[in-house]
Amino acid sequence: MSNQDSVVIAPQSVRLFHQSLFKTLVYFFFLILVLAGAFKAFPLVVDALFLIVIAAILTTVFNPLVDRLESSGLRRIYGTLLMFGGIIGMVALGVIKGIPTLLSEISRIKHVIQQNAATDSLDSIMADINSRIAEYIPGFQLDLDLISSLSSQFFSQLGSVLAGALDTLATVIFILIITMFFLVDGKRMTKQLIGMVPNRYFEMSLNITYKTKQQLTNFLRGQLLAALGVAIQSFIGLTLLNWLFDTNISGVLLISSIAGMANMIPFVGPFMGMVPAIIVSLFNNLGDPVAVSNFYYILHIIGMFLIVQMIDNNIISPIVVSGSMEMHPLTVILLILVGSQLGVLGMFLAVPAWGISKVVIQEVYQGLKGHHLI
Amino acid sequence: MKEKPITSYPLFESFKDKLKPNRSQAQMTLSQVNVFSRLSWQEIKIIENAVHIRNYGPGEPVFKQGDPGSGMYIIIEGSVGIFLDIPQQTPKQLSKLGDGDFFGEIALLDESPRTASATALENSTIIGFYRPDLMDILKTKPALGAKILLALSEVLAVRLRSTNGELVKVSRKLETVTETEANE
């Protein structure tokens, strides 16, 4: 009997071995397929994730407004649509008013460059600056060739920037659609996601999610309010400069908006906000021999932005921005360097993204500590 | 021949069924809790959308003593034991709660640590209503949020009154004991 059993067992074990080998091969094949798919789809996943993150940030910013509309008795979907209608209306108004001005400015500047006047005038300005600085600092010399080549590069890339703007518009529309879904259904989505957490960590996860959301809302609202403050002050300041000193800066609203947004990057942002105003002013004054020989209007612009920064740092930011953005200057520089690998948008987002991560890490740590899990 | 009552006609029965309110078990349980008992069915439905329904196995902790409190629990079905953890001793069971009972409601208002542990004694389905959910309702449906807060205050007021009564009884007993000891 035992012999018979051993005879039966042998082929069965072989069959089992074959079956398991077959299963292993199938699993291995599927694993390779999944890995290949993942590698192939990786850039797509990263792109999608990037859009979702931006939409999530926008949702955090707009959520209080939609909540307010809902609290007044409006259904959430109508509140969201009303808010988006308002935003689209404002953007459309800006585009209708701004695009013709921008296009005429660009064509004017292009015309000046084609006549080879731009670089010549820049040369004369730089020569004047050098001669004046040399009176105080002997031997000081700004590199004229470098500035000329930089300005030529800037204008040669202007076309490709405009072409890329259409792609950006499509991305923006996509982000807005995701944001709309998040605003309407975000709470249900979050509830379903948190519902997957095991019982042991459920209360903690819910608390961490809520507190992180609160902190992020405060942080982003503070950042946006500070940016708005800088934009409004810059608008007033530039308008006053145009009025009092005839600085001849066009597109004040656009420049002020850029200054406001750039302000979100600590230390470097204020200088980045100042640059467009100086460039526009330089080009607008090219044909004016008095303005070209007298560069004091640039000092006026720098002075105005310094005053805006003083007001922002000492009055507005302490009131509206929470302390979560306190960073070492070296951290900021490193973050901007890392962000620059992802382009201009990366530079803009690196510091706020780090600020957000800091808030999330702090809240998760506090939550885990509170529940005695670490 | 006896005439059939009009209510037994199939068409009428079907209409009657459609008119019957279709209420979930969670809604029925919520409506029995005194914090929500004065709310309309429409408001109960909003609460049902905000709360979290969780399933616990026997012996599984709902929360532990010392954890930061974040909300109240209502038992739909099953049973939960409330235990006091005493160092180096077996946890002491303070009470056993069953279907429709609720616990931990103070944590809706205060994040102070839980004073006891709650553990499921059998397979239990429990509704969790947490502070973030209440805050969200207060933000988006302030009138409903105010009703809940008022009901919570009433629960607390009743408890405070009962605690005061107990305190008076205890202090009277203490006075009697002190007087007796002084006379002796």
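Me: Which residues in H7(A) meet residues in H8(A)?
Reply: This is a predicted model. On the H8(A) side, the contact is made by Gly269(A), Met272(A), Gly273(A), Pro276(A), Ala277(A) and Val280(A). By class, the contact between the two helices has eight nonpolar, two polar and no charged residues. The residues in H7(A) that meet them are Ile255(A), Ile258(A), Ala259(A) and Ala262(A).

Me: Is H7(A) roughly parallel or roughly antiparallel to H8(A)?
Reply: The axes of H7(A), residues 252-262, and H8(A), residues 269-284, come within 7 Å and cross at roughly 165°. Angles over 145 degrees count as roughly antiparallel. Therefore H7(A) is, relative to H8(A), roughly antiparallel.

Me: Which strands stand at the edges of the open sheet in chain B?
Reply: Four strands of chain B form this open sheet, with antiparallel pairing and the order S2-S7-S4-S5. An edge strand here has a single partner strand, so one of its sides is left without a neighbour in the sheet. The strands in that position are S2 (61-63) and S5 (92-97) of chain B.

Me: What is the bridge partner of Phe83(B) in S7(B)?
Reply: Strand S4 of chain B covers residues 80-84, and strand S7 of chain B covers residues 117-120. These strands pair in the antiparallel sense over four bridges. In S7(B), Phe83(B) has as its bridge partner Ser117(B).

Me: Which element gives the most to the side of chain A that touches chain B?
Reply: In this interface, 13 residues of chain A are in contact with 15 residues of chain B. On the chain A side, two or more residues come from each of helix H1 (2-71) and helix H6 (199-245). The element that gives the most, with six residues, is H6(A).

Methods: Residues are numbered from 1 along each chain as its sequence is written. Chains are lettered from A and ligands numbered from 1 in the order in which they are written. This is a predicted model: local features need pLDDT of at least 70, side-chain atom pairs count only at pLDDT 80 or more; totals for chains, interfaces and linings use all residues. Two residues are in contact if their C-beta atoms, placed from the backbone, lie within 7 Å. Axes are lines fitted to C-alpha atoms, for helices over the stretch in contact, and angles run from 0 to 180 degrees between N-to-C directions. Angles under 35 degrees count as roughly parallel, over 145 as roughly antiparallel, 65 to 115 as roughly perpendicular and the rest as oblique. Ala, Val, Leu, Ile, Met, Phe, Trp, Tyr, Cys and Pro count as nonpolar, Asp, Glu, Lys and Arg as charged, and the others, Gly among them, as polar. Two strands pair if DSSP finds at least two bridges between them.
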